[in-house]
Amino acid sequence: MHIQVRTLQKDDYQDLKEAMVEVYSVIGGDYWEKSKINKLLNIFPEGQFCVEVDGRVVACALAIRVRYNDFGDTHTYSEITGGYTFKTHNDEGDYMYGIEVFVHPDYRDLRLGRRLYDARKELCEQLNLKGIVAGGRIPNYNKYSDDLSPREYIAKVKQKEIYDPTLTFQLSNDFHVRKVLRGYLPGDTESKEYATLLEWINIYYVDEKDKKPHTDSIIRLGVIQWQMRLFKNLDAFMDQVEFFANAVSDYRADFMVLPEFFNTPLMAEFNDLPEPVAIRRLADYTVPVRDRLCELAISYNVNIVGGSMPLLDDGKLYNVAYLCRRDGSFEEYRKIHITPNEVKHYGMVGGNEIRAFDTDCGKVGMVICYDVEFPELGRILAQQGIQILFVPFLTDTQNGYSRVRHCAQARAIENECYVAIAGCVGNLPKVHNMDINFAQSAVFTPSDFQFPTNAVKAEATPNTEMVLIADVDLSLLKELHEHGSVQVMKDRRTDLYDVKIKKTARKAVERKADPENSPEQVAPLIVVAN
């Protein structure tokens with residue numbers, strides 16, 4: 001047996017007619033006239049599909065392209081087809097409208113309908129249409145119409161309590177019911193003249209008006225596993241940072257990710273001071289380093305996740321990460337969960353805002369080290385639409401690293417996003433409380449067929465300075481969200497529990513690199529799970 005899915009041709013008509021007569025024998029053996037088929041092939045040839053089995057056409061899917069707002073959700077089959085003239089077809093339409101699908105009764109065990117639907121979906125994606133809409137008969141409804149309303153009947157089909165040959169098939173092919181149509185196809189006594197208005201959404205659709213400068217779904221990350229070493233001064237330190245910016249730029253990376261407290265080698269000159277004083281002196285370098293990172297982001301055309309650095313604001317010491325965009329603007333995130341060590345040795349306090357950031361590569365989020373061990377933050381960012389979560393970290397032991405690694409992997413799986421972690425390695429003997437460091441930087445993925453079997457896209461050699469280059473495909477996240485083996489974000493029981501911000505912080509504004517800008521004050525934020 002040889003099976004082929006292809007576009008319908010005019011000389012297929014005789015096979016088509018014979019199949020239609022068999023399919024619709026129960027309702028009078030109606031079939032499409034040759035002139036109608038030829039009209040469809042003239043106006044939308046790529047939208048007419050058939051399945052050929054051993055040289056004979058035994059299945060077919062016919063469609064037109066419409067501007068859906070011209071018709072809306074309330075229409076009849078006659079209206080959508082222009083009285084069967086297909087004058088409603090629009091070459092600039094935003095939806096494909098399915099007007100016919102059938103399979104010869106002798107071939108229905110071959111699942112040919114699924115092949116036709118897959119061909120339609122592929123064409124819809126190629127044409128960048130919003131989706132596929134169709135009116136679907138419910139031929140078994142007449143058996144239940146005395147006891148069930150159409151809505152109740154559809155609900156039972158969805159719950160698999162009732163089998164309907166048309167609706168069950170369509171639901172299994174990722175269509176959903178938008179509405180019940182009354183009087184859709186006069187004479188359809190099996191369906192009691194009811195129909196379901198069905199829609200398949202093209203998750204890859206891109207509105208031309210909303211396109212951003214960076215439209216590629218493949219995003220390249222340059223994760224820096226930073227070797228702790230002493231530097232003579234700030235310029236020498238920035239020379240090393242620029243080396244990495246130049247390196248990732250050569251690989252056309254979209255992001256460069258630096259670790260938590262990567263600038264602590266500059267604290268060596270204050271090593272004779274008490275630790276709380278020394279780190280506050282280090283904080284004097286934070287704004288100059290941030291501004292230099294913004295300059296590098298522009299010069300090397302790469303968005304920079306600037307690790308984290310101490311920031312003194314209104315007498316309080318924060319652990320702050322900066323996102324320096326390649327357009328010259330920057331954003332700030334203050335670590336929310338402060339470790340006992342940071343409190344004990346430095347007197348640090350936690351930030352009070354968590355939000356996603358827009359970039360030319362989609363929405364991203366930042367959390368710092370210990371933050372990633374609190375799943376509420378990742379979930380809130382996922383609800384805000386992030387696709388990549390960046391986690392600068394600093395750990396001294398393998399135990400600490402394992403906490404960060406395993407929690408980061410969990411955040412990727414449970415929030416259907418990529419997570420990139422960047423850490424420091426090596427020793428820093430002349431800086432108190434920074435003596436030893438352990439890291440294995442990595443990029444983690446969700447865990448499903450589209451991704452590596454161990455859910456690790458790439459990982460560095462442990463405790464070795466290096467640059468980790470990894471490509472992540474954002475379109476795979478859409479596919480996972482809509483069609484994954486499990487769909488975590490969709491299947492949350494928000495009727496039973498929720499994760500939300502208890503107090504909303506004042507909305508931050510985008511900032512340009514400017515020494516005159518002072519950090520914004522925001523209201524306290526508490527993350528809770530109800």
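**Figure legends for the predicted model**

**Figure 1. Surface of the protein chain.** In this predicted model, the protein chain exposes about 24,000 Å², and carbon and sulfur atoms supply 47% of that area. Buried residues account for 52% of the 530 residues in the chain. The side chains of the protein chain include 63 positive and 78 negative ones. The centres of these two sets lie 3 Å apart.

**Figure 2. Fold of the protein chain.** The protein chain contains 13 helices and 24 strands. Along the principal axes, its C-alpha atoms fill a box of roughly 95 × 50 × 45 Å. Of the contacts between residues at least 6 apart in sequence, 71% join residues at least 24 apart.

**Figure 3. Centre of the largest pocket.** The volume of the largest pocket is about 1,600 Å³. A total of 49 residues line this pocket, and those closest to its centre are Tyr 24, Glu 100, Val 101, Phe 102 and Arg 137.

**Figure 4. Helices and strands in the lining of the largest pocket.** At least two lining residues come from each of helix 1 (13–23), helix 4 (112–126) and helix 6 (167–172). Strand 4 (95–103) and strand 5 (131–137) likewise each supply at least two. Strand 4 gives the most to the lining, with six residues.

How values were computed:
Residues are numbered from 1 along each chain as its sequence is written. This is a predicted model: local features need pLDDT of at least 70, side-chain atom pairs count only at pLDDT 80 or more; totals for chains, interfaces and linings use all residues. Side-chain values use heavy atoms; hydrogens and water are left out. Helices (H or I, at least four residues) and strands (E, at least two) are DSSP runs, numbered from the N terminus. Buried means under 20% relative accessible area, exposed over 50%, partly exposed in between (1.4 Å probe, protein chains only). Contact means heavy atoms within 4.5 Å. Accessible areas come from the Shrake-Rupley method with a 1.4 Å probe; for residues, only the protein chains shown count as cover. Lys and Arg count as positive and Asp and Glu as negative; His and the chain ends are not counted. The place of a charge is taken as NZ of Lys, CZ of Arg, CG of Asp or CD of Glu. On a 1 Å grid over the protein atoms alone, a cavity is a set of points where a 1.4 Å probe fits but cannot get out, and a pocket is an open set with protein on both sides within 12 Å along at least five of seven lines; lining residues have an atom within 4 Å of a point. Grid points are joined across faces, edges and corners, and a volume is the space filled by probe spheres set on the points.
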